[in-house]
Amino acid sequence: MSRPPVLIPHAPGTNRDTEAALAVAAAGGDPQIVPVGDLRPAAFSDYAAVLLPGGFSYGDALGAGGRLALELRAWFGLELREFARSGKPILGICNGFQALAKSGLLGPRSFTLAANAGGRFECRWVTLRVEPGCRSGWLGRLGGSTIRCPVAHGEGRLAVSDPGVVAELEQARRIAFRYLASGSTGGVADVAAGAYPANPNGSVNDIAGMCDPTGAVVGLMPHPEDHIVDWQRPSGPPGSRGSALFEAFVAAAR
Amino acid sequence: MKVRGAESRRAPALEDPGADESRRAARIQVRSAGHPEERRIPEAAAQLGVTGLSDCRFWTVYHLEGLLSEADVARLCAEVLVDPVTDEVVVGLPDTTAQVVEVAPLAGVTDGAARELERAAAVLELPPLRAATARRYELAGDLDEADIGILMARLLANPTIERSHSGELAPSFSPTWGAAPAALPVELTGLDDGQLAELSRQRMLSLDVIEMQAIQTHFVSCGRDPTDAELETLAQAWSEHCVHKTFKARITLSHTRADGRLEVSHHDGLLNALRRATAELEADWLRSVFVDNAGIVAFDDDLDLAVKVETHNHPSALEPFGGANTGVGGVVRDILGVSARPIACTDVLCFGPEDLDEADLPAGVLHPRRIRDGVVAGIGDYGNKLGLPTVNGAVLYEPGYVGNPLVFCGALGLLPAGSHPTAPRAGDRIIVIGGRTGRDGIGGATFSSAGLDAAVVGRAGSAVQIGDPIVEKGCIEVIERARDRGLYHAITDCGAGGLSSAVGEMGADLGAEVDLATVPLKYPGLQPWEIWLSEAQERMVLAVPEDGVAPLRTLCQTWDVELSDIGSFTSSGRLVVRHGACDAIDLPMELLHDGLPRQELAATHSDPIAAPGRGCPPPVIDGAELLLELLAHPNVASRESIVRSYDHEVRGGTVVRPFTGPSADGPTDAAVLKPLGTWHHDRAVALAVGINPRIGVLDPWAMALYAIDEAFRNLTAVGADPDRVALLDNFCWGDPTKPDRLGSLVRAVQGCVEGARRYRAPFVSGKDSLYNEFDGRAVLATLLISAVGIVPDLHRVATSALTTAGSDLWLVGQGSGSLGGSLVADLLGLDDARVPAPVSDPLPRYRAVHDLIGRGLVSAAHDVSDGGIAVALAEMAIGGQLGLTATIPHAVNDVTDPGDLDEALVETAGNGYEASAAPDRLGMIAALANEAPGRLVLETPFAARGAVAERLGPLGRRIGTVTGTGEIEVRVAAGGADPLSGFQPRIESRTGSSLERGGNGGRVAGDLRDGSVPPTGDPNRVTVSVETARRAFGCQERL
């Protein structure tokens, strides 16, 4: 089968690009890391998917992902929107999620990623559920499954402008991932319910990831690319690897 | 859409735009709802005794200046500065009735947000602007002027890098102009010794009279005085920091042994001794040791590992965040300096007590808590932003670190074997990549070669810097690719001594010509000597052949890294530096590198007199209470709150991480990493440390052996091969010109040399940081041993968390009745000068454990260190969320190895406590909490009992069982007798060890029956629930 080319833009300060590329390659994709400085709008048509990896783009000096969001909007906004419209998948992880959210590519800015409730950077393994009702087509067949993987961020608290927004997002089936209580199997009642550290950052309604109104653009704070083989797992039974997410992502790019 | 080249995204040029009437200044404040700082400040204020602060509003202030319209400002706010979901914004001044404190970086201090804002304006194609940022605190409540003063001084600002003001602060944009360059002569001719010393002191040269005379003599022979740049260059090149004169000096040691004998010995260089110890081992897996920025050892057939550990003590004492931040940056550049890709970081931190009374804080010293919080944030900030996992380390709290905290930063790198070029050639261009040069860090090398006191603290501001990890990250990307394409002949980092040191060392055998006018500056106005000596961060220097410059420039553009070509290497043997038309330096290279007079130093040391514990009976303490107190001790308790603020997962190769067990709250002994790019085989690398400063107070020689042993225990416990361990040393001592400091340093080096022999482990790199003194008091002399090991199979590792009820527990090695230097002696105020004997033949036990792990027979392993076996067992139970029952040996006395009489540390008979009123109590305490080296606890499956017993033989004994009861039950075998007499041959005598003499052999697999456990209430029995232990240990809330 062909290996669909996956664009992985690298901004100064991006740092989980290599792992993301490894995960994409393991899932059958052809990852291509391209420095943002070398990226041209016309080049987007050469790719079947875009993955914005984790890191600290531009040092997050103007808020996590803020400057990269500006560049995505100012330089590649048209291309990225067209990309999503044509159903090609776009995935943002951690800093990539923050940049997507702040660029507006995940929909109007009714939610954001703010400083962790704990007030500092936090690195730990969490359990995620792919929300069964999520509208994202390419995530669809993963609905209800769990992923165990680490978070590593200082600004990962999903916050909304007013409480009604969560209901709206829920209604629009745009919530893609939730933090679960540890050891749970993905049942509806197994969410972290706001409790630290299962919900590591105080995200509203345990939301760990979102999709845009088309479902093509997906972002999440945790790092599924850091759990693609069993030995990466710190403890617990095998399974719940992040590889499934990348397989779905690459499949959608074919 | 406009298509941009990389150049267009750079910061606007620094020329003064001139006084233009249409320029406008704007002040923008942004506040984020629920920002954690608004909770932190009142809490921290209360800790400082300012209880009247009821509410804090925290704003980020952005000052802009440029040809901006109101619409431009609004656009910047909407597009960049303000998050519409969480932020409120005020353009102009916010209205408030609260008291206002504003804090801004001093001119020239890195202001990353301002720089990014300038660049963001360029992305938006706004007119060029200048930006500056500040923090604004609106403080409400019952606060008087004194309160505000305390908050400003101790919480909100650090005058070393920031200015603060009660009220609004005017912005300080980077300066846009400065004085014309000049190199001024410094009059040396005719100065007498007193005047030379005074000149050295005044200019903070840290040179002694003999060294000043050598410089004077040279310039007299030239018939002129040196320029300021020449004098500063020599001071840097000859500084302790750059040239390690103490470690190269000839030393005479007068050593008083415990029995009163005086031995006088002569030492021809401490560094030589370490090198010889390494060379004697003839390890064929060493690639480059002691000669470059980092040590290099083989990893697999194709790749090598580069390792380095550095200290950044003085800067961290003054500006904890920036000091630690740039400490990480510096050690990562050392890895880049051997052409390796950095893949991991470590950190070992030594602070004063967390609960130190503010009243006991010496003038000019920051509180240990503040230092710790700043250091931890600084390390996390840099490592996390570089995308490097910070995977291993230690945190110590001791009174000896109050005035002089220690910050050790380590880094590991990976490079293809043989890929690091080290031979610059005449004609090569001198290329600088990375950060711009500013006045920051002027004199860091000489500053770190002098003691601290309140006056130095006041003067040394420019020696401390704030890092910019994103610039360094760019350098990492560029250097890896430039190396693979063979674009350079040599590379080094720009660290202490700046360009002076980097160019001077690289061109030592050639000669170099530099034009400082080509060095990109953060702001104009630097004098030639300042540019030359600046220790501005994130710069690397490369020797690049002519035809490599263009491809390197292209690489740099791609990765958004600035490159400048500042001169060339020559064959003149001279260092010639000018700034445009202004000549600054013309020195023979040999003066820089060979002109330093070799020091002759005197050292004294007295071994502790091994008196038995005197007077001071042990307090009445229940075993359970003792265990809980030890678990809660700051030097034992969980490090989660610190370690989780470091990314230990990035790069996806962390096999053994800092925590283990179902809830990831048991502490592990070492990190195991599987580097990216090596996934085609199963080999992995392990990192560990050993550090025992309390032992060093009594015996620095033993401290070295202890630290090496601890590193070995830690590595072995996770599955590393004890026959493939590389060691790194870091010595942090006081003023070596004082004979007692130097004497203890010599003893520690001797211990290292002995350790290399006993453990057959070479030293591959090291660093000494001397002059760690505050107000004439030396730091707690501290040797850090870092170790790098090879794990043959990443699937065959162990961690400390117990896994299975019904499994066996084994103790490898034996304890000691000596408590000198132990945590429990410190905790209970026991007076014991006797240190447990270092292990004389350590490798057999570690090989045995490694073998068992390799055969898959070990389900958990943990080293016994601070707090002794009771703590080790409790940590295993906490991590595993399982109970255990164990019968541990009564403390036995140390055995002197007949082959090691000369270095014996302890007397051979009597535990010294016979006269004590409570021998049983002391015996119990010693059994539970002695810290004799060489011990590990293993969990092995019941079914493997025979195989384990056979392999361990006399090296270990079975001590108990893992249970599902949720209780930690530890019984000390009854008073004085051998603990395991019920199921193994009896111990021969109080002074002998049945273990080392082969008493029990494989027969230890007898019975450990429940019936043998004495009833509850036995003073020698500890029963604590795992949950209680967890709480004492301070685990974060469980999921």
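**Close-up views of a predicted model**

**Figure 1. Helix 13 and helix 16 of chain B in contact.** Asp381(B), Tyr382(B), Lys385(B) and Leu386(B) of helix 13 of chain B meet Pro469(B), Ile470(B), Glu472(B), Lys473(B) and Ile476(B) of helix 16 of chain B (contact means heavy atoms within 4.5 Å; helices, H or I with at least four residues, and strands, E with at least two, are DSSP runs numbered from the N terminus). This contact has five nonpolar, no polar and four charged residues (Ala, Val, Leu, Ile, Met, Phe, Trp, Tyr, Cys and Pro count as nonpolar, Asp, Glu, Lys and Arg as charged, and the others, Gly among them, as polar). The axes of helix 13 (residues 368-386) and helix 16 (residues 469-484) of chain B come within 9 Å and cross at roughly 35 degrees (axes are lines fitted to C-alpha atoms, for helices over the stretch in contact, with angles from 0 to 180 degrees between N-to-C directions). The crossing is right-handed (the near helix is turned clockwise from the far one by less than a right angle).

The model is predicted: local features need pLDDT of at least 70, side-chain atom pairs count only at pLDDT 80 or more, and totals for chains, interfaces and linings use all residues. Residues are numbered from 1 along each chain as its sequence is written, chains are lettered from A and ligands numbered from 1 in the order in which they are written, and side-chain values use heavy atoms, leaving out hydrogens and water.

**Figure 2. The largest cavity and its lining.** Its volume is about 830 Å³ (on a 1 Å grid over the protein atoms alone, a cavity is a set of points where a 1.4 Å probe fits but cannot get out, and lining residues have an atom within 4 Å of a point; points are joined across faces, edges and corners, and a volume is the space filled by probe spheres set on them). Of the 44 lining residues, Gly393(B), Ala394(B), Val395(B), Arg639(B) and Thr668(B) lie nearest the centre. Strand 13 of chain B gives the largest share of the lining, seven residues.

**Figure 3. A cis peptide bond in chain A.** The bond joins Tyr196(A) and Pro197(A), with omega about 0 degrees. Pro197(A) sits in the loop between strand 9 (175-180) and strand 10 (207-211) of chain A.

**Figure 4. A positive phi at Asp60(A).** Phi of this residue, which is not glycine, is near 55 degrees. Asp60(A) belongs to the loop between strand 3 (49-52) and helix 2 (66-85) of chain A.

How values were computed. On a 1 Å grid over the protein atoms alone, a cavity is a set of points where a 1.4 Å probe fits but cannot get out, and a pocket is an open set with protein on both sides within 12 Å along at least five of seven lines; lining residues have an atom within 4 Å of a point.
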